[in-house]
Amino acid sequence: MTKKIFILFSLIIYGAVLLAAHNYQVKSPDGRLLVTISTDKQITYSVKYDGLLMLLPSPISMQLDNGQIWGKEAKIAKVKKVSNNNMIESPFYQRKEVVDRYNGLILNCGKEFELEFRAYDEGMAYRFISKHEGTYKIINEQADFRFDRDYRSHLAYAPRGGADGNDRFNSSFEEMYTETSLSGIAENQLIMTPTLIVGNEGKKLCIAESDVISYPGMFLTRTEDYSNVLSGTYASYPEKMAPRSWNDSFYKMENYADYIAKCDGVRTFPWRILCIADNDIELLSNDMVYRLASPSRIADTAWINPGLATWDYWNNWEGQGESGKTIDMYKRFIDFAASQKLSYYVMDSGWAIYEGNGASMTKPRPELHLDELVKYGEERGVGLILWGGSANFAADNMEEICRYYAHMGIKGFKIDFWEYDNQRMMDLLFKAAEITAKYKLLLIYHGCPKPVGLNRTFPNIMSYEAIKGLEYVSTGIVGAYDMIDYNVIFPFIRQIAGASDYTPGAMKNLPIGKLGWAPKASEGTRCQQIALFITTFSPIGSLCDSPTNYYANKESVDFISRIPTTWDETIPMHGMIGQYIVMARQKGNKWFIGGVNNKQSRIITLDFSFLPAGDYQMEWVCDAKDADVNPENYIKEIINIPSNRKLVVKMAQGGGFAGIIQKK
């Protein structure tokens, strides 16, 4: 079938469906977005934006183990219109309040289930709601996204994890982005969400999900049957889940069942989201995933304190490796954190006794006197966060571990190696958040699925990896990964899902294209490494480099140390995916501005018209004139924001800038 015939056929079918079916419509509050739900033999929904077709009628359904298929032959008993216009308090997010304004429909489909649709100004979402009594299993869920033509897409294929390379659902969730047409997507290969489609007249469509509780996460796949269709794909339920024999910090899944989820009684299912934006920069502050998540389950959040952290893994314990994992070294990191007024020290592997094939979390190394280190940090205003593997932490003694270390004074955990998003693993991620919150412990997830709103439900979750972070240039092979382009892609896509533990801050900066062996270094300029603390959102931001390198670059680390990690407001100023980003973020009476550039030097004009009336000055660091060839060179100065609120800025190759703005 040729492309023109396929488009014509799709539009004919689209019109025929609208004429024949029982249709319900819901519009966004601003009237620009229209969702049409058809409830004939198969429930479908389609989306228009400014009158332009964004999504063809796309079928949705859930298949149960008793033979029922919710969404087929559905009889609508009642339709309820809903609307909302409230504010969500979000003190640990990229703005302190999130607007929750939508129009919606709830379709009562009889005794078994309901369907809820919502239309926001920034996108739409739907979810199934079960009214089924007793236990049941979900065999599969159909969530199709059908497009009328072969659009361009930005996507990341799910990389294989470290536990089982033969299991396609075992993934580290860390991969670069591929730009391709829909028809160019590899067939049957798992695609991570969020995924970005450049739709009709260049509108941006981002497929995401939220409120994934006791249910597998959603991948997307393109099958050979439909070139312009992406379909939700889910890991089956593993009957057996146990630590790996060769490394018991990892889980291994075995004996996958013929269903994806076990359920019991009334419940809601995850929101399926289609974010819609007129341009790239609107994606940088899209709140759909956060606002659709379940509200916080932590009544008292006064103990949750975001902040910056020092970290030992990337710099290999000051370059000493295993021999550097000593009490004196740990005190050195604490002293450095204290000298910069950093809130935390993230202690990676080495603090616990190795037992069997992994590091136990129940037994700190006695010679380190961990309890004394905790007190040493407390006296200096530095809290300790301990690293561990998922299978060591999420064993039957999770609560005992949390109780023990909370009593000792540990502030939280960084738990690694989750590497799956089937229902059992998602249950463990939920349980870990719930129990750490009970003991007032912070949590960072690594080697994990992307955020799906659980950080709103349990705001003690400070960050997620699920990102190709700066860790990937720590081994010494500079240029093996194109981090410069990645830095101006992932904020438009991955960060829609939530916080990203990217761990920037490298002080050894190399010119673009200088490939070769250079341990603990990064391509691009010093200013880009500083600006990443502003363009990347993470309530705990880890400084990757060593105390020695930071002491030698005091001016740079002094600037980084003043950057907050949560914000009162976020305003994307400029940006094009894959090219550059400029973000402005407010904290109190100051604004912080960060710019990150790709490999092409660039001159842009900043518009500060968002600033309230008054005279302002900016303390900033920007690329020096020779930063293309000497990327560690920069200019630090205090300048006045012009009265016309315009400022011309040049960014070097792989460059950037960072500024702190306040009234004179």
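Author: The model is predicted, so local features need pLDDT of at least 70 and side-chain atom pairs count only at pLDDT 80 or more, whereas totals for chains, interfaces and linings use all residues. Residues are numbered from 1 along each chain as its sequence is written, and side-chain values use heavy atoms, with hydrogens and water left out.

Reader: Why are E35 and E40 said to stand at the edges of their sheet?

Author: The open sheet of 6 strands runs in the order E35-E36-E37-E42-E39-E40, with antiparallel pairing. Strands (E, at least two residues) and helices (H or I, at least four) are DSSP runs, numbered from the N terminus, and two strands pair if DSSP finds at least two bridges between them. Strand E35 (569-576) and strand E40 (634-640) each have a single partner strand, so one side of each is left without a neighbour in the sheet.

Reader: What makes E35 and strand E36 a pair?

Author: E35 and E36 (residues 580-587) are joined in the antiparallel sense over 7 bridges, and the criterion asks for at least two. Within this pairing, Glu569 stands opposite Gln586 in E36.

Reader: Which helix packs on the sheet and touches E36?

Author: Helix H13 (residues 526-535) does so, and touches strand E37 (590-597), strand E39 (616-623), E40 and strand E42 (656-663) as well. Contact means heavy atoms within 4.5 Å. The direction of H13 makes about 125° with that of E37; axes are lines fitted to C-alpha atoms, for helices over the stretch in contact, and angles run from 0 to 180 degrees between N-to-C directions. Helix H15 (residues 554-561) also packs on the sheet, touching E39, E40 and E42, at about 50° to the direction of E40.

Reader: Why is Asn597 called buried?

Author: Buried means under 20% relative accessible area, exposed over 50%, and partly exposed in between (1.4 Å probe, protein chains only). Asn597 has 0% relative accessibility and therefore counts as buried. This residue is found in strand E37, and beyond its neighbours within four places in sequence it is in contact with residues including Ile484, Gln528, Tyr580 and Met651.

Reader: What joins the side chains of Asn597 and Arg602?

Author: A polar contact of 2.8 Å joins them. The term covers a pair of N or O atoms within 3.5 Å; within protein, one must be able to donate a hydrogen and the other to accept it, and residues adjacent in sequence count only if both atoms are side-chain atoms.

Reader: Why is the aromatic pair of Tyr330 and Tyr345 called tilted?

Author: Rings of Phe, Tyr and Trp (its six-membered ring) pair if their centres lie within 6.5 Å; planes under 30 degrees apart count as stacked, over 60 as edge-to-face and the rest as tilted. For Tyr330 and Tyr345 the centres are 6.2 Å apart and the planes 50° apart, so the pair is tilted. Tyr330 lies in helix H5 (residues 327-339) and Tyr345 in strand E23 (residues 344-347), 15 residues apart. Tyr330 is buried at 0% relative accessible area, and Tyr345 is buried at 0%.

Reader: What makes Arg267 lie over the face of Phe269?

Author: A charge sits over a ring if NZ of Lys or CZ of Arg is within 6 Å of the ring centre and within 35 degrees of the ring normal. Arg267 is at 4.4 Å from the ring centre of Phe269. Likewise, the charged end of Lys137 sits over the ring of Tyr259, 5.3 Å from its centre.
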